[in-house]
Structures are given as structure tokens and as C-alpha cells.
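Hello,

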Amino acid sequence: MSGLLIRPRIRPRVAVVLVYTAAMCMNGLDSTIVNPALYTIAGDFGRPLSAANTVETAFLVALAVGLPVAGWLGDRFGTKRVFLGALTAFTIASAVCGLAPDLNTLVVARAVQGLAGGLLTPVGMTLLFRAFPPHERMKLAKVLIVPTALMPALGPPLGGLLTEHLSWHWLFFVNVPIGTAAVLLGVLGLREHVEGPEGKFDVLGFWLATPALGLLTYALGFGPSQGWTRPAVAVSAALGSVLLVAAVLHQVRAKTPLLRLRLLADRVYGSASALAGVTAAGLMGVLFVFPLLYQASLGASALDAGLSVFPEAVGLMLASQVVDRLLPKLGPRLLTVPALLVAAAVFATLAIPGVAENAWSVRGLMFLIGLVLGTAVLTVQISGFESIGPADMGQAMGLFQIVRTLGGALGIAACAAVIGGGHVTEAAADPGPYRTAVWVTAALVAAGALIALRLPREAPQPPPFDDEEAPPPGEDLAAGEARAVKG
């Protein structure tokens, strides 16, 4: 009786939402918050800027390395245990980053952050989607949009503000109280789910897929700024491509693969994953190239160019309201296809001569990009897992995040290639190549509309209860689902 009295009454689904949002906000913020502080970090440690850039390199590469094993770890050891373990590691690494006495310590701690972050996203979404059945996931739009849209957009201005008025150490210290509170809430409120993968760990698949993603992320992320012919970039791109092909061939043939690529054969999930890659390529591409076009057309500063794309995050926030209201009425296909076509038209408008010269036109178009493309992206993210059962959810989430991550990196690399080579750190006088690159991103998003035709017409519906499945009198649907959760 005393145990019942001291046990906190925390609804599992409320705990999932709160812990997921806190963790993903930390992860999303840390992907961009350090960029404005790199000059200061380099100066404090008496190192060149090229050395300080390894702070971001370590985070991005480690993030990609963590993705392939996320699904297997969650199934094998339990989603709650893996998620909270990764969140704890992320929080501790944040404290170490803030206390780092030298650059090497900072880089290592930043790599631990990235590795933990690579586990947090797919395992966290697995927790979220297992807690909410398909017909209730439309309510999650408001939850998913905060870490994916607002936090990365707030990163640069918040990073600059903290660095200027406090110190760069606070870029990492802000994570500590949030992460600690989220871990405690997760320990008390989350339910465990151990799927128990069949067979042994795919050692060969791990040693093929993990370095492949790490090398490709390094090459695609730093080829545009450092040059594709630089030995480190060229070797990483070539070796990563070979390992990726070998990994795919192995995963398809293996009895118990690390990544269940056969899930992509599912019509809805496969289409959603392809759409995630294409839309990420278009969005990340335009967010990369348009600030350069803005500088080339207006002679604007880098700060002004960065702020010009901020209305996109505001549009994304509003998109969560649109999806919540329209997806149940229109269904995934009818909502996604027009949204992608309108987004492609908005992208193309940005490339029209004279548009980039008008600051308010730019802000309005960026807002529209966030609104319409965000509507499509959220719809795909919510409805794409309708046909995925709980047993495959961890693997499906890992694959989805891998495709989206590589899609975004490929979009940036494609725009850099159109601009004209490896070095795009400063805007050229001629805005023509930048406009061409924007047209490429518009074409990518338009191509996504064709893929979206494969999405289902109807939104997920609640399953009918028979006499045996109906919840007991007085027990709501959420409580009935909680009884069925493993653990």
C-alpha cells in the first residue's frame, strides 16, 4: 500500500510526449547552435578556424554513425532503456563540452553528443508512435514540428546571443537541466517495450553500413566548402559509396539484417521514405543556396541572409495546425500532392530575377515554403507508418531517418555542384548559378508530388472494437492501449 502511495501518477503517453519533445529540442538545437561560436572557440583555444570546425564535423559524422544500430538496440534492449541511456549520455556530454579545457576534449565530447543524438531520434519516434495508434498520430503534428523546425532555426541566433553576452560554454550548459529533468520524468513515466530481435547481431552489416554513412556524411557535408578534390573528401566519398553498395547487397541477402531494407517494399512506407529523402533534399538544398543568392543579389551580410530564411520556421509551426485539422478530412494523398506542387512553385518563384532583391518578398515566400512544404512533410511523417506494426517500428524509424539524413546531404551537395565547384563560402558576383540551383530544388520537390500519388487516400481510422477487444467500462481508449503495452 505504501508503494502505491509514493508512486507518482504520470500518464505514460503524457510522459512520452514531454520526454520526446525535450530530447529532440536539445538534439535539434545542438545541430546548429555551435556554428556562430566557432570563431570564438578557435580564439579561446588558440587554434585556427579549420581546427575548430572539427567540433561540427565530429557531431555530424557521429550522428550518422549512430543511425544504423538504433533500431536493433531499441528492439534488443528496450526502447525506454536505450532512449534514456542515450539521453543521459547526451546530457553528460553536454556538461563535458561546456567544461572542456582544450579543443580535443571538446571534439570528443561533441562526438559523444552526436552518437547519442543519432540514437535519440529514431528510438524516440519509435516510443512516440508505439504509444499512439495510427488514427491518433495526427494529433502529434504539434509535437513533431517543434524540434524539427523551431529549434534548428533558433540555433544560430541563440548561439550568437549566448556567445556574445555570456560565453560559448553556455551553448552546452543549457542542455544539462533540461536533459536531467527529462531523464527523471522518463524513468518515472515511460513504459518499457522489448521487441527481442530474432537471430544474432549482424556484425558484417554493422561494419559495412556504419562507416559507409559516416564517410558519406563527411564527404557530402564538407565537400561543398572544402572542395571535392581534397584528398580527405574524395577518399571518403569513394570509400563510403563502395561500402554503401556492399551494405545494401548484404542487407538484402542476410537472414537477420541490421537494417530491414525489405520494409521499403511496403507501398505506403516505401513511398513515405522516398518522399522524406526527396523533400529533405529540396528543403536543405534551398536553405543552403538561397542565402548565397540573397547575398549575390543584394550584397547582404551573412547575418541578414541567415535571418531571411527564418520565416520558414514560422510557416512550419503553422503547418502543424493545418495538418491536425485537414489530414482527417482530406487524407494523406489529397493533402500532400497539392502541397508539394505549391511548394515547388514557391521554390521556383525564388529563382525569378528581381524576387531576391525584395526583402519582404523573400520573407513571404520563405514563410510559404515552411507552411506548404511543412504540411507535406508532416503528413508523410505521420501517415507513412500506418502499415508498420509494433514489431517493425524500431527498424522502420531507423531506415526513415537514414534516408532523410542522406537526402538532405545530397540536396546540399547537388546545389553546390550546380553553383560551380567546391568552394562556396562566399557569394559570387553573378547570381545566375545560384538561381539555377534553386530551380534544381524546385524540380526535386515537384518530383516528390509523383511519389506522393502512392500514398493512401484515406486517413487512418480507429479500429472497431469487438466484445473481446473493447475496453472495460469506464476505461478510455488510452488506458486500454496502455494495458496492451509490453513491459
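The side chain of T379 comes within 2.7 Å of a backbone oxygen, that of T375. This is a predicted model, so treat every value here as computed from predicted coordinates. T379 sits in helix α17, which spans residues 359-383. Its relative accessible area is 0%, so T379 is buried.

**Aromatic pairs**

A pair of aromatic rings is described by two things: the distance of the centres and the angle of the planes. How many aromatic pairs are there? The count is three. Two of them are described here.

Take W168 and F172. Their ring centres are 6.3 Å apart and their planes stand at 85°. Ring centres must lie within 6.5 Å to pair, and planes over 60 degrees apart count as edge-to-face. W168 and F172 are therefore an edge-to-face pair. Are these two residues buried or exposed? Both W168 and F172 are buried.

Next, W170 and F173. This pair is also edge-to-face, with 5.5 Å from centre to centre and 80° between the planes. Both residues belong to helix α9, residues 170-173. They are three residues apart there, so about one helical turn separates W170 from F173. W170 has a relative accessibility of 41% and therefore counts as partly exposed. F173 has 22%, so F173 counts as partly exposed too.

**Charges over rings**

Two arginines to look at:

- R110 lies over the face of F59, 4.1 Å from the ring centre.
- R363 lies over the face of W360, at 4.5 Å from the ring centre.

**A nonpolar patch**

Which residues make the nonpolar surface patch of about 200 Å²? L244, V248 and V252 do. L244 is placed in helix α12, residues 231-253. With a relative accessible area of 30%, L244 is partly exposed.

**Contacts between separated residues**

W72 is located in helix α5, residues 54-77. Its relative accessible area is 14%, so W72 is buried.

R13 is part of helix α2, residues 12-30. Is R13 buried or exposed? Its relative accessibility is 17%, so R13 counts as buried. The cut-off for that is under 20%.

F222 lies in helix α11, residues 203-226. At 11% relative accessibility, F222 counts as buried.

**To recap**

T379 reaches the backbone oxygen of T375. W168 with F172 is edge-to-face, and so is W170 with F173. R110 lies over F59, and R363 lies over W360. L244, V248 and V252 form the nonpolar patch.

Best wishes

How values were computed
Residues are numbered from 1 along each chain as its sequence is written. This is a predicted model: local features need pLDDT of at least 70, side-chain atom pairs count only at pLDDT 80 or more; totals for chains, interfaces and linings use all residues. Side-chain values use heavy atoms; hydrogens and water are left out. Rings of Phe, Tyr and Trp (its six-membered ring) pair if their centres lie within 6.5 Å; planes under 30 degrees apart count as stacked, over 60 as edge-to-face and the rest as tilted. Buried means under 20% relative accessible area, exposed over 50%, partly exposed in between (1.4 Å probe, protein chains only). Helices (H or I, at least four residues) and strands (E, at least two) are DSSP runs, numbered from the N terminus. A charge sits over a ring if NZ of Lys or CZ of Arg is within 6 Å of the ring centre and within 35 degrees of the ring normal. Patches are made of residues with over 30% relative accessible area and no salt bridge: like charges are joined within 9 Å, nonpolar side chains (Val, Leu, Ile, Met, Phe, Trp, Tyr) within 5 Å. Accessible areas come from the Shrake-Rupley method with a 1.4 Å probe; for residues, only the protein chains shown count as cover. A salt bridge is a side-chain nitrogen of Lys or Arg within 4 Å of a carboxyl oxygen of Asp or Glu. A polar contact is a pair of N or O atoms within 3.5 Å; within protein, one must be able to donate a hydrogen and the other to accept it, and residues adjacent in sequence count only if both atoms are side-chain atoms.
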